[in-house]
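Biologist: Before we discuss any labels, please show me the model, and then I will ask what each label rests on.

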Amino acid sequence: MPLVCVCSPKGGVGKTTVAANLAYALARSGSKVLVVDFDTQNALRLHFGVPIADNRGFVAQSGTLSDWSQFILKVGPNLFVLPCGEVTEDERLQFEDNLMNEPMFIQRGLSAVLKIPDMVVIADMPPGRNAALKAMESVADMRIVVLLADTASLSLLPLVEQHKFMNKPRSHSIGEYYVVNQSDMRRTLSRDVTHFFEQRLRDKLLGTIHRDECVPEANASQRAIMDISPVSAAAFDVDHISKKVAVILGLSVGDGAHHHTASIYSS
């Protein structure tokens, strides 16, 4: 049961969009995928057709319930989402306290899911250094850091590599990889930053995702990029990254012919 953490040194880099579309792509290729939202902005669900008024989620009751699987929603063939849900400030603080002080907190809550051998779990983490990312270190197999093809991410890269913004993985078995988002090769600065990341990160770079109008369109319609515009540059990029992730995790990759991923919300 591979577990992938998608994280970022700061907000606004498209982390949740990357996590959602990676899940779509892996499910399309035949893997069973569960996406878990650890970010209390509760935005991940909106990528999967969950109505904006539906505020169900696991965080508010995570301290009293030993099994969070009752909050999992089926959102498509092979595809499931566990929303964060609406939380008060006190509930958020209690959740973070449980993450920090109960070593088996995540394992207990996800125990039913973690027993499914062929399930891929993608965790959308809050940006920056946080309790959820630290708690995930004992169970995660891969960490994907999302950066933008801009000077802000470029200036932060040395600090990211030194783990000043995010906790350093305690286990050497956790692979740390990168995705560069919103690369615009028509603009000199974006192109130069992208090339720098390619040279600096080398094999740690899973790929770049081009700036593409189909991405906000997909987000607005709560669907996958590849469903909105399957021949777009962004759809190709996400598919390429998903295949790299599948190889690293040892997943079988199909052709997706029988795994259409249009959102199907199930209450």
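Biologist: Which residues are linked with Lys15 in a network of salt bridges?

Modeller: Asp39 and Asp124 are linked with Lys15 in that network, where a salt bridge is a side-chain nitrogen of Lys or Arg within 4 Å of a carboxyl oxygen of Asp or Glu. This is a predicted model, in which local features need pLDDT of at least 70 and side-chain atom pairs count only at pLDDT 80 or more, while totals for chains, interfaces and linings use all residues. Residues are numbered from 1 along each chain as its sequence is written, and side-chain values use heavy atoms, with hydrogens and water left out.

Biologist: What makes the pairing of Arg56 with Asp54 a salt bridge, and is Asp54 buried or exposed?

Modeller: The closest N and O atoms of Arg56 and Asp54 are 2.8 Å apart, and the limit is 4 Å, so the pair qualifies. Asp54 has a relative accessible area of 13% and is therefore buried (under 20%; exposed is over 50%, partly exposed in between, with a 1.4 Å probe and protein chains only). Arg56, at 39%, is partly exposed.

Biologist: Why are helix 6 and helix 7 called roughly parallel?

Modeller: The axes of helix 6 (residues 151-161) and helix 7 (residues 188-201) cross at roughly 20° and come within 10 Å. Angles under 35 degrees count as roughly parallel, over 145 as roughly antiparallel, 65 to 115 as roughly perpendicular and the rest as oblique, so the two helices are roughly parallel to each other.

Terms used. Axes fitted to C-alpha atoms, helices over the stretch in contact; angles between N-to-C directions. Helix = DSSP H or I, 4+ residues; strand = E, 2+ residues; numbered from the N terminus.
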